[in-house]
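Let's take a walk through this one, starting at the ligand and moving on to the strands.

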Amino acid sequence: MGKQIVIVGNWKMNKTPAEAKAFMDDFKKLYDLNKNKLPQGIKFGIGAPSVDLEVVSKTKLGNDFLVAAQNVHFKENGAFTGELSLAMIKAVGANAVIIGHSERRAMFNETDADVNLKAIAALKAGITPIICVGETLEEFEANKTKEVVDRQTKAAIANLTDVDLKKIVIAYEPIWAIGTGKTATAEQAEKACAFVRAHVLAETPIQYGGSVKPENIAELLSQPNIDGALVGGASVDANSYIKLLTLNK
Ligand code: PGA
């Protein structure tokens, strides 16, 4: 059997519910037309703003469709103004959550310890954590990719069992490649994903993220330790996202 491909779009702070609905209507039509071209057994999904989760989850795209929130709090409830709990995102259709995206680490001060608490809480709630790791340009240029990826991965999965490691997804996203149009070469991406692999299981899907496009997805997926992608820019347009999922066929 080939690898389990897992591709998730990350809309970031884009689309109102009405815009999300328009996307899903277009995407569903494109999916029905193109589903025979999708790689065998692919799992795919969308990381949507929380207010869009309900509308995204209502589109019938099969049982494996991942409806991901882009953040969550690890506590069940309480005085955390502006935060959402796992029960809340679940109630509006989420079955996954992106955790520790570099934008959240850099702009909202999320720490390795927060990422670990969120991953543990998500697993407890039966939600798939998509855990992001990756180095800055400065760290990349100082040859610190391995050090950063090792530290972030180890911290994120602290106290997880082997059973848990089969339920998570890790996304390696070099920060210098996010939204810059500058993709890591397939070799660079593979090298870093192999650093991640050393901490997880053969069965743990490892995604690459950072300027993934229909034109480069197939080459990235041909690498032994790259099982999928976390896709920002190319996932906000239904045509480009379906093209990416068919590996540009
Ligand atoms: P990008 O974003 O594909 O637009 O580079 C990726 C991400 O931030 O997950």
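Predicted model: local features only at pLDDT ≥ 70, side-chain atom pairs only at ≥ 80, totals over all residues.

Residues are numbered from 1 along each chain as its sequence is written, and side-chain values use heavy atoms, with hydrogens and water left out.

**The ligand site**

There are 13 residues around the ligand (a heavy atom within 4 Å), and Lys12, His101, Glu173, Gly179 and Ser211 come nearest. By class, that shell holds four nonpolar, seven polar and two charged residues, with Gly counted as polar. Here are some polar contacts (pairs of N or O atoms within 3.5 Å):

| Residue | Atom of the residue | Distance to a ligand oxygen atom |
|---|---|---|
| Histidine 101 | polar side-chain atom | 2.7 Å |
| Glutamate 173 | polar side-chain atom | 2.6 Å |
| Glycine 179 | backbone N or O atom | 2.6 Å |

The protein covers 95% of the 280 Å² of accessible area (Shrake-Rupley, 1.4 Å probe) that the ligand has on its own.

**Strand E7**

Now for E7, residues 206-209; strands here are DSSP runs of at least two residues, helices of at least four.

E7 pairs (at least two DSSP bridges) with E6, residues 169-172, in the parallel sense over three bridges. Alanine 171 has glutamine 207 as its bridge partner in E7. Together with helix H9 (residues 186-197), E6 and E7 make a right-handed β-α-β unit. E7 also runs parallel to E8, residues 228-231, joined by three bridges, and there leucine 230 stands opposite glycine 209.

Terms used:
Polar contact = N/O pair within 3.5 Å; in protein donor to acceptor, adjacent residues only side chain to side chain. Buried < 20%, exposed > 50% of the residue type's maximum accessible area, 1.4 Å probe, protein only. Right-handed = clockwise from strand over helix to strand, strands pointing away.
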